[in-house]
Amino acid sequence: MEHSETLTREDTVLVACRIEDLPPGESVRVDAAEGTEAVAVFNADGELYAIDDTCTHQDASLADGWLEGCTVECPLHAACFDLRTGMPSGPPAKRPVRTHRVTVEDGVVRVHVAAPVGAL
Amino acid sequence: MRSVAVVGASLAGLAAARALRAQGYDGGITLIGDEPRAPYDRPPLSKDFLLSRTSTEELALTTDDDESLAVDWRLGTTATALDPYERRITLSDGGEVRADGVVIATGARARTLPGAGAPGAGGMSGVHTLRTLDDALALRESLRSGGPLVVIGAGFIGSEVASTALAAGLDVTVVEALPVPLAGPLGAGMGAVCAGLHTDHGVPVLCGVPVRELLGGARVEGVRLADGTVLPAATVLVGIGAEPNTDWLADSGLDIRDGVRTDARGATAVPHVVAAGDCAASYQPGPARHVRTEHWTDALRQPETAVRALLAGPDAGADTACGPLPYFWSEQYGVRIQFAGARRDGDSVRIESGDPEDRSFLAVYERDGRPTAVLGMDQPKQFTRWRRRLAADWAAVTT
């Protein structure tokens with residue numbers, strides 16, 4: 001995974017939402033901060049996951065997608081990604097999305113976005 | 001079961017091979033495909049591929065992981081007959097394949113204009129259908145010479161090509177024999193809204209007038225309609241639907257009325273023979289009839305269920321598994337259209353949010369006060385919520 005090589009870099013921490021605004025089955029898009037790309041946070045049956053929001057197949061927001069178990073299906077061409085690994089689990093996507101760490105503190109959901117490879 | 005032949009090497013055939021391995025089958029898999037190409041994705045053919053924004057390589061459906069499927073690929077070979085009890089498949093190259101189990105995934109082919117001759121096979125040059133990658137390459141080449149383009153049929157393929165050709169700067173006219181485009185899948189009201197996308201962008205849509213004849217000699221020069229109107233054309237795209245590729249099964253004894261008839265799982269009446277994808281008409285408990293769809297997601301998902309039925313064997317008994325909720329999408333003029341559910345004539349339509357005039361809205365189809373289907377135009381998030389709700393109802397029908 002790309003981001004594992006960048007763990008030594010400073011993560012960008014984004015506030016996603018309050019936990020009560022992200023019930024099971026729901027998702028939220030967190031718009032890009034400087035030096036990051038937009039991410040999508042999902043509540044898959046109580047577990048929170050964050051991945052890059054943009055499908056690697058074509059420009060579409062995965063936060064708008066269809067969540068089924070730990071898989072999100074892109075709303076544009078039905079490409080599927082495993083939220084745990086970011087790996088495509090169905091065509092037509094062939095490249096993974098990055099995964100990001102999610103924390104909840106005092107009811108606030110935060111995403112720790114790894115710096116993109118090559119960023120300073 | 002030691003050998004399985006999958007007939008058809010597009011999305012459904014590849015999904016079947018993957019499902020066989022994912023479900024623990026470790027025997028031989030022979031994958032027979034009439035096109036010489038490895039499986040590729042068709043939806044971009046009417047969109048970015050026509051604009052050369054997507055390459056042939058990017059269309060490939062297979063990845064390096066598929067090496068582990070250990071499939072015996074028989075590409076460029078057409079299956080011409082099936083002996084269903086021997087499970088013996090005759091091939092166009094004179095060979096044959098015998099297998100313990102057969103997955104029929106031969107898809108569908110573009111319908112051609114009656115009397116116009118098949119494109120590239122004695123028909124006029126400049127007249128195209130769009131189904132295969134080679135079709136798309138030929139259409140792309142023809143569009144390069146400029147317009148005007150006449151699209152016959154305002155269904156999804158025709159509408160997408162019209163939108164793409166307009167983006168390429170061509171003069172485009174759409175002709176539709178029905179009074180309202182897309183009235184079959186969407187109903188007249190919403191069909192008219194979709195047709196409005198063309199007129200929004202200055203593309204005329206001539207409805208309710210059939211085509212009388214194509215004009216020209218070796219190359220098409222125009223289209224004459226039944227009312228005498230003549231439309232000049234450098235290229236004609238015929239998008240009038242698809243027919244299931246079941247001719248090769250004519251003597252098999254299988255029921256092939258509008259597709260290979262199967263139960264809800266994909267099993268045919270013949271033991272150890274299943275069918276999936278565009279060629280299959282599977283029984284759907286919701287509407288309580290056999291339904292043949294040409295949806296990408298069905299071609300992807302039906303094989304999982306069909307392969308499970310194949311591996312369980314005919315004595316496992318029919319379970320009540322239902323297929324996924326029907327779902328399809330289209331993109332035209334930068335607008336994303338999504339539809340899910342099982343609409344029937346007579347369903348009422350309620351605008352849940354947005355405004356059709358703005359080309360951004362969500363419409364819910366209802367029957368007896370219950371939602372049956374949902375249509376979204378540039379409303380992916382809302383659409384997904386409704387699709388989830390309908391899918392839950394859909395699954396509940398069979399439990």
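This is a predicted model: local features need pLDDT of at least 70, side-chain atom pairs count only at pLDDT 80 or more; totals for chains, interfaces and linings use all residues.
Me: What makes chain A and chain B count as being in contact?
Reply: Contact requires heavy atoms within 4.5 Å. By that rule 21 residues of chain A touch 28 residues of chain B. The two chains therefore count as being in contact.

Me: How do you know how much area the two chains bury between them?
Reply: Buried area is the accessible area lost on putting two parts together, summed over both. For chain A and chain B the value is about 1,900 Å², with 48% of it on carbon and sulfur atoms. In chain A, the residues that lose the most area to chain B are Trp66(A), Pro91(A) and Lys94(A), which together make up 33% of what that side buries.

Me: Why is the pair Arg301(B) and Glu73(A) called a salt bridge?
Reply: The rule asks for a side-chain nitrogen of Lys or Arg within 4 Å of a carboxyl oxygen of Asp or Glu. Here the closest N and O atoms are 2.7 Å apart, so the pair of Arg301(B) and Glu73(A) qualifies. The count between chain A and chain B is three salt bridges.

Me: Which elements of chain A give two or more residues to the side that touches chain B?
Reply: They are β2 (27-30) and β5 (66-68) of chain A. By class, that side of chain A has 11 nonpolar, five polar and five charged residues. Across the interface there are also 14 residue pairs in polar contact, both residues being at pLDDT 80 or more.

Me: What makes Arg385(B) and Glu26(A) a salt bridge, and where do the two residues lie?
Reply: Their closest N and O atoms are 2.9 Å apart. The cut-off is 4 Å, so the pair counts. The pair crosses between chains: Arg385(B) is in helix α8 of chain B, and Glu26(A) is in the loop between β1 (12-18) and β2 of chain A. Over all chains, the whole structure has 33 salt bridges.

Me: What lines the second largest pocket?
Reply: Its lining is made of 46 residues, and Ser89(A), Gly90(A), Leu300(B), Arg301(B) and Glu304(B) lie nearest its centre. The elements giving two or more residues are β5, β6 (71-73) and β8 (88-90) of chain A together with α1 (11-22), α7 (296-312) and α8 (380-396) of chain B. The most comes from α7(B), with nine residues. By class, the lining has 23 nonpolar, 10 polar and 13 charged residues. About 1,300 Å³ of space lies in this pocket.

Me: Why is the space lined by Ala264(B), Ser282(B), Gln302(B), Gly323(B) and Pro324(B), among others, called a cavity?
Reply: A space is a cavity if a 1.4 Å probe fits in it but cannot get out, whereas a pocket is open. The space in question is the largest cavity, with 18 lining residues, and the five named lie nearest its centre. About 160 Å³ of space lies in this cavity. At least two lining residues come from each of β20 (280-284) and α7 of chain B, and the largest share, four residues, comes from β20(B). By class, this lining has nine nonpolar, seven polar and two charged residues.

Me: How do you know that the second largest cavity is lined by both chains?
Reply: Its lining includes Gln58(A) and His77(A) from chain A, along with Pro43(B), Pro44(B), Lys47(B), Asp48(B) and Glu331(B) from chain B. About 40 Å³ of space lies in it. The search for cavities of 30 Å³ or more finds three in the whole structure. By class, the lining of the second largest cavity has two nonpolar, two polar and three charged residues.

Note on methods. Residues are numbered from 1 along each chain as its sequence is written. Chains are lettered from A and ligands numbered from 1 in the order in which they are written. Side-chain values use heavy atoms; hydrogens and water are left out. Buried area is the accessible area (1.4 Å probe) that two parts lose on being put together, summed over both. A polar contact is a pair of N or O atoms within 3.5 Å; within protein, one must be able to donate a hydrogen and the other to accept it, and residues adjacent in sequence count only if both atoms are side-chain atoms. Ala, Val, Leu, Ile, Met, Phe, Trp, Tyr, Cys and Pro count as nonpolar, Asp, Glu, Lys and Arg as charged, and the others, Gly among them, as polar. On a 1 Å grid over the protein atoms alone, a cavity is a set of points where a 1.4 Å probe fits but cannot get out, and a pocket is an open set with protein on both sides within 12 Å along at least five of seven lines; lining residues have an atom within 4 Å of a point. Grid points are joined across faces, edges and corners, and a volume is the space filled by probe spheres set on the points.
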